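Below is a short note for a colleague who is meeting this structure for the first time. Please read the numbered points with the model open beside them.

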Amino acid sequence: MRPTITAFEASPDRGQGLARDMRVRWALEEVGQAYDVRLVSFPGLKAPAHRALNPFGQIPTYEAGELALFETGSILFYIAERHPGLLPDDDHARARAITWMFASVSTVEPPIIERQNAVLLERDKPWTEERLVAIDGRIRQRLGELTNHLGGADWLDGAFSVADIMMVHVLLRLAPSGILEEYPSLMVYLERAKARPAYQRAFAAQLAVFEQSQA
Ligand code: GTB
């Protein structure tokens, strides 16, 4: 069944692929599943109709028939379980890939979101500069640990998986900070991921939304 996802009608990143619908688009492109997109305005996110899909009033959501999901981790897991190619068949390798999916959002993403909040929402606070130093320390710790784990490997654990989609997208959110450049092997990992045709199709599709809004 062809799913419908939601995305920002006007993404604040101006189509740079940082909003989380990008994760869902990328996963769907990887497995060759066509999908529809319903664009939602900021007021629309908080309207009852959207909150019925996501009680937190956020994008993305995923609808297929009677099923409505929110949370990118859950949506990507659902897609990966139903299509070949995003989770290994081997039981242990599959469990490790799922572990890395959780690690991306539970261990790596939190300080990155803290940074974005500090920069975008708390810039004018007297404590922000000091807080940013602490946050950046926590980010660098995780990036160092991730670098050690990856070593020279192409992907997080063996073959490319849904965990790489999550991790790569979490890391890309740091792009405007310049911190990623301190970690050349992570940059290579990101470039490898961004070179995938499925990533490029997903990026082009979400960029087209921004370009149409400017036309
Ligand atoms: N844990 C949820 C998930 O993974 O699905 C988080 C979903 C979420 O944060 N959605 C954001 C949202 O709807 C969009 S992606 N925000 C609106 C609101 O809460 O009212 C976060 C995001 C927004 C903007 C940029 N950007 O401009 O660069 C990047 C990421």
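1. Which helices each supply at least two residues of the lining of the second largest pocket? They are α8 (184-194) and α9, where helices (H or I, at least four residues) and strands (E, at least two) are DSSP runs numbered from the N terminus. Of these elements, α8 gives the most to that lining, with four residues.

2. On the basis of the note: this is a predicted model, in which local features need pLDDT of at least 70 and side-chain atom pairs count only at pLDDT 80 or more, while totals for chains, interfaces and linings use all residues. Residues are numbered from 1 along each chain as its sequence is written, and side-chain values use heavy atoms, with hydrogens and water left out.

3. On the terms for spaces: on a 1 Å grid over the protein atoms alone, a cavity is a set of points where a 1.4 Å probe fits but cannot get out, whereas a pocket is an open set with protein on both sides within 12 Å along at least five of seven lines, and lining residues have an atom within 4 Å of a point. Grid points are joined across faces, edges and corners, and a volume is the space filled by probe spheres set on the points.

4. The second largest pocket holds about 180 Å³ of space, and 13 residues line it, with L172, A175, L180, E191 and K194 the closest to its centre. Its lining comprises eight nonpolar, two polar and three charged residues, where Ala, Val, Leu, Ile, Met, Phe, Trp, Tyr, Cys and Pro count as nonpolar, Asp, Glu, Lys and Arg as charged, and the others, Gly among them, as polar.

5. The largest pocket has about 1200 Å³ of space, and of the 40 residues that line it, L18, R20, I113, Q116 and R173 are the closest to its centre. Two or more lining residues come from each of α2 (42-45), α4 (72-82) and α5 (91-120), and α5 gives the most, with 11 residues. By class, this lining has 21 nonpolar, 10 polar and nine charged residues.

6. A search of the whole structure finds one cavity of 30 Å³ or more, and the volume of the largest cavity is about 110 Å³. Its lining has 15 residues, of which F8, S11, D21, Q206 and V209 lie nearest the centre, and the elements giving two or more residues to it are β1 (4-8), α1 (21-31) and α9 (197-214). The lining residues of this cavity divide into seven nonpolar, four polar and four charged.

7. The strand β1 is mostly covered, since five of its five residues are buried, meaning under 20% relative accessible area with a 1.4 Å probe and protein chains only. With strand β2 (residues 36-40), β1 pairs in the parallel sense over five bridges, where two strands pair if DSSP finds at least two bridges between them. In β2, T4 has D36 as its bridge partner, and I5 stands opposite V37. With strand β3 (residues 61-64), β1 pairs in the antiparallel sense over two bridges, and there the bridge partner of T4 is E63.

Key
Buried means under 20% relative accessible area, exposed over 50%, partly exposed in between (1.4 Å probe, protein chains only).
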